Amino acid sequence: MESSDKPKGKLYLIPTTLGDNEPLEVLPISIKRVIEAVDHYIVENEKSARHFIKKIYPRKSQPSLKIEVLNKYTEPETLPSFLQPCLEGMDVGVISEAGCPGIADPGADVVRIAHQKNIQVVPLVGPSSIVLALMASGLNGQNFAFNGYLPIDAALRKKAIKSLERKSMDSRQSQLFIETPYRNDKLFKELIKTLAKSTKLCIACDITLATEFILTQSISEWQNSSVDLNKRPAIFIIQG
């Protein structure tokens with residue numbers, strides 16, 4: 001734990017939209033106020049982050065922005081330096097590629113370091129596809145688990161699907177997971193072949209967009225349905 005007489009800046013976790021819609025349709029005005037005031041950012045993708053900042057606050061001076069990139073290629077040993085502005089009394093904002101920073105997102109790594117350095121972490125309100133999908137699913141919202149991506153290998157994936165179904169049955173726990181959008185249709189076919197006919201499956205895609213689709217059915221019902229999920233960001237939820 002680090003201590004200092006000099007007041008530290010705060011680390012703001014700034015949610016973004018889940019797709020190409022108007023930011024202030026789904027984000028509160030508090031995000032605009034923070035972006036107006038903050039010049040230091042830690043982002044997953046610099047180009048999209050700059051575009052987002054410009055849409056939220058067009059008068060923001062782009063050359064004044066100090067941006068550090070945090071993604072799967074970032075060297076872990078560089079992360080503490082990203083928070084140096086906070087130690088010097090300046091606020092820093094974390095912007096994910098979509099949705100809420102720190103949730104299925106590399107921003108969690110820098111948040112953990114902020115706690116170690118006694119930097120106040122301030123999460124701002126915004127859309128989370130995980131929470132919104134669960135809200136709309138009708139499945140168990142009191143006991144649930146988010147499992148990220150399932151294995152790519154076919155045999156391991158089938159094993160993982162059956163394991164999540166058993167866990168759901170044993171503990172009445174909703175099981176959430178995601179897939180790379182261009183592989184959604186393949187995953188859907190594997191789910192309806194692997195899961196028991198009585199198991200419930202919710203598919204929630206394009207959340208908050210005009211093309212939003214959210215539907216919960218049993219596997220037997222899904223076997224008689226067709227849905228195009230190709231290249232559409234989606235959350236899958238099962239409950240045995």
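Asn-118 sits in the loop that links helix H6 (107-116) to strand E5 (121-123), where helices (H or I, at least four residues) and strands (E, at least two) are DSSP runs numbered from the N terminus. Its phi is near 60°, a positive value in a residue other than glycine. With 45% relative accessibility, Asn-118 counts as partly exposed; buried here means under 20% relative accessible area, exposed means over 50%, and partly exposed is in between (1.4 Å probe, protein chains only). The model is a predicted one, so local features need pLDDT of at least 70 and side-chain atom pairs count only at pLDDT 80 or more, while totals for chains, interfaces and linings use all residues. Residues are numbered from 1 along each chain as its sequence is written, and side-chain values use heavy atoms, with hydrogens and water left out.

Arg-172 has a positive phi too, near 50°, and is likewise a residue other than glycine. Its place is the loop between helix H8 (154-171) and strand E7 (174-178). At a relative accessible area of 53%, Arg-172 is exposed. Setting aside neighbours within four places in sequence, Arg-172 is in contact with Asn-140, Asn-143, Lys-167 and Gln-239, contact being heavy atoms within 4.5 Å. Leu-139 lies 33 residues from Arg-172 along the chain, and the two C-alpha atoms are separated by 9.6 Å.

Ile-238 is buried, with a relative accessible area of 1%. Leaving out neighbours within four places in sequence, its contacts include Ile-161, Leu-164, Glu-165 and Ser-168, along with Gln-173, Ser-174, Gln-175 and Phe-177. Also among the contacts of Ile-238 are Leu-195, Thr-199, Lys-200 and Leu-201. From Ile-238 to Leu-150 the C-alpha distance is 13 Å, for a sequence separation of 88 residues.

Next come the helix pairs. The axes of H8 and H9 come within 10 Å and cross at roughly 55°; axes are lines fitted to C-alpha atoms, for helices over the stretch in contact, and angles run from 0 to 180 degrees between N-to-C directions. H8 and H9 are therefore oblique to each other, given that angles under 35 degrees count as roughly parallel, over 145 as roughly antiparallel, 65 to 115 as roughly perpendicular and the rest as oblique. The crossing of H8 past H9 is right-handed, a label used if the near helix is turned clockwise from the far one by less than a right angle, with left-handed used if anticlockwise. On the H8 side the contact involves Arg-157, Lys-158, Ile-161 and Lys-162, and these meet Leu-187, Glu-190, Leu-191 and Thr-194 in H9. By class, the residues of this contact split into 3 nonpolar, 1 polar and 4 charged (Ala, Val, Leu, Ile, Met, Phe, Trp, Tyr, Cys and Pro count as nonpolar, Asp, Glu, Lys and Arg as charged, and the others, Gly among them, as polar).

Thr-194 belongs to helix H9 (residues 184-194). At 15% relative accessibility, Thr-194 counts as buried. Neighbours within four places in sequence aside, Thr-194 is in contact with Lys-158, Ile-161 and Lys-162.

The other pair is helix H2 (residues 29-37) and helix H3 (residues 46-56), whose axes come within 10 Å and cross at roughly 110°. H2 and H3 are therefore roughly perpendicular to each other, and their crossing is left-handed. H2 contributes Ile-31, Lys-32 and Ile-35 to the contact, and H3 contributes Phe-52, Ile-53 and Ile-56. That contact divides into 5 nonpolar residues, no polar ones and 1 charged.

As for the chain overall, there are 10 helices and 10 strands. Its C-alpha atoms fill a box of roughly 60 × 40 × 30 Å along the principal axes. Of the 240 residues in the protein chain, 45% are buried. Among contacts with a separation of 6 or more, 75% are between residues 24 or more positions apart. The accessible surface comes to about 12600 Å², with 52% of it belonging to carbon and sulfur atoms; such areas come from the Shrake-Rupley method with a 1.4 Å probe, and for residues only the protein chains shown count as cover.
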